[in-house]
Amino acid sequence: MLKFKELSKPTQLCVLWIGLMLFLAVFGSFLPFEHWTFVYEDDLGVTPFSPGHILGTDNNGYDLLTSAIAGTRMSIFIAITAVGLGGLIGSALGITAAFVRGKVDLVLSTAFNVGLAIPNLVLALALVSVLASNVDMTVVVPIWRRVMVLIISLTIVLIPILGRIARGATLTWSGREFVTAARSMGMRDSQIIKKHIVPNVLPALIAVAFLAIGVVIIAEASLSLLGVGIPDGGSWGGMIARGRNDLEYSPHVLYIPVIFLAITVVSTNQIGEVLRNKLDGREAKV
Amino acid sequence: MQKLSFWLQRVSQLLVVLLLVTFGVSLLIRIIPVDLATIVMPVADETQRAAFRASIGLDKGPIGYYLQWLGNFVHGDLGNIYYSGGTETVSGHLIKAMPRSLLLMSYTQIFALGVAIPLGVLSAYRAGRRADRVISNTLFIFSSIPGFAIGLILIIIVGTKFEWLPTLGYATFSEGIWEHFKHMIMPVLSLSLGLIAQYTRLLRADMIASLREDYVTMAMSKGLSDRRILWRHVFRPSSVTLFTSAALSMGGLIGGAIVIESIFATYGVGFEIFAAIGGRQYIMLQSCVAVIALFYVFFNLVVDIGSGFVDPRTRDRRANA
């Protein structure tokens, strides 16, 4: 579809950066570093490019490079899982709605509209705070439960957004002649969806999914900053939240996760944009 | 006549959506894994808790609870905030918080449009040249940096390093106009940079398309000045898209404002939601989310009607869709 060499220089950089992030997310824990919660008691609040700590440490003595790698894993994992789940469920619902039409479409479209009537972050915030609440406030909610809750909430937020796009795309494609032709030849609906609708709708969805990953990364960071996401520097948002405590004397604690987050979002946005333009070009030729 | 029935249909659709949204939010309260009465009255005995549940309708099942809440909501009673010392009404808090959020959002939109319109027109006029490339690339990077990150960086540089602006709080008009704006500059900047990028890109794309139209060639051959063509013949049709998209970005703005208000302690609606979650005031959370949804849906309707009036073409397109 797209060749790496044909991409522009900035886009190539974006692809490489995303590759690096994926590599860190998958293999980050195998790299020869101490665990990210290891405390360097002699190097508190060291600035970046110091010997032994290329990105510096924060005032608790956590090395920021290993923290950032651990944060990469958490943020990327949440983003990819939520977008994957939301995309699967959303596109299944959207394609069904547009293909079956009638009452199913009415119910599903209304459901999408209901989901879209609450601003994304407000909905995610409400879901997370409700789902993650504990009977006893003094008992800390375990990390895995917070991660689960975050993923579930962000998935629920994404379903109507991606579902509506899938529905719209399916509507335009299912009106095409080749679908009518396939139907007149006696092809079953499930076959038509599999052979004709999905391959055509998928590229648009993939382009949107890249944009959605950026949105989810930012949403996760916002939630962590508000104190309902990943606590204690476990993700980029968590690192930002922790860096906030001491931004007057060691601002680099804040800059490092912000830089990681911003470059990643720039990259996913750029890739999504390139994919979308490519699609538009193809559409124009048809 | 057909127009009227179209709008009636649209309004009734929105009403259904609103009812379903508020019902969904009230269901959220019921799926909390914690008993609400226990949170509100940690030391009370069971009869007191039962009385509390009955008073807000929690004993009546999902639909009964919703109807009671809706009845109160329509009459302006948004429930209470429960402290160990007593209660306060949510509506009282919201009446204080609402103007602040609305001001913050209006300033943001005005500032974003005020910067984006000249930038967009300039980069469309110089499309492909250096000015356009600089503007587009800079803004593309800004569009990807979340508002809270910009806000925190502003706090570091403007707030703590140079101490030009206060980093926390809100000042009312009665405390002095300049004082008021001093507290607003950083929140508005952090919220609007992303919007500026979005608007500029949109306006640029739309205007470049309009510049290719025949009537522009016609206007040029008549010898009209570039300035007049740009603003009168090209910007005007493109502005409809811009203002519609500005209105649609309201949802993201509301979400972004929650984070920004909690960073800068603006005490707007977003801050109230943040406080409601921190203090586990779930009834307040429910009412706040309902108010936001109401505002958002209503706003979209107004925009729909407005853009239909401004540009009849969108009206026809919507009616056919």
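Which residues are exposed on the other side of helix 1 of chain A? Select Lys9(A), Leu16(A), Gly19(A), Phe23(A) and Phe27(A): these are the exposed ones (exposed means 12 or fewer other C-beta atoms within 10 Å of the residue's own, buried 20 or more, partly exposed in between, with C-beta atoms placed from the backbone).

A note before going on: this is a predicted model, where local features need pLDDT of at least 70 and side-chain atom pairs count only at pLDDT 80 or more, while totals for chains, interfaces and linings use all residues. Residues are numbered from 1 along each chain as its sequence is written, and chains are lettered from A, and ligands numbered from 1, in the order in which they are written.

**Stop 1: helix 1 of chain A**

Now turn to Cys14(A), Met21(A) and Ala25(A), which are buried in helix 1 of chain A. They share one side of this helix, because they cover an arc of only 35 degrees around the axis (the arc is that of the directions from the helix axis to the C-beta atoms). Helices here are DSSP runs of H or I, at least four residues, numbered from the N terminus.

**Stop 2: helices 2 and 7 of chain A**

Next, show helix 2 and helix 7 (residues 189–225) of chain A, whose axes come within 8 Å and cross at roughly 145 degrees (axes are lines fitted to C-alpha atoms over the stretch in contact, and angles run from 0 to 180 degrees between N-to-C directions). Pick out the contact residues, among them Ser75(A), Gly87(A) and Phe99(A) in helix 2, and Asp189(A), Leu205(A) and Glu220(A) in helix 7 (contact means C-beta atoms, placed from the backbone, within 7 Å).

**Stop 3: a loop in each chain**

Select Arg101(A), in the loop between helix 2 (64–100) and helix 3 (102–116) of chain A. Its phi is positive, about 60 degrees, although it is not a glycine. Arg101(A) counts as exposed because it has 12 C-beta neighbours inside 10 Å.

Then jump to Tyr267(B), in the loop between helix 11 and helix 12 of chain B. Tyr267(B) is not a glycine, yet has a positive phi of about 55 degrees. With 18 other C-beta atoms within 10 Å, Tyr267(B) is partly exposed.

**Stop 4: where the chains meet**

Finally, display both chains: 38 residues of chain B are in contact with 34 residues of chain A. On the chain B side, elements giving two or more residues include helix 1 (2–30), helix 11 (250–264) and helix 13 (282–310). Colour helix 11 of chain B, which gives the largest share of that side, 7 residues.

Key: Contact = placed C-beta atoms within 7 Å.
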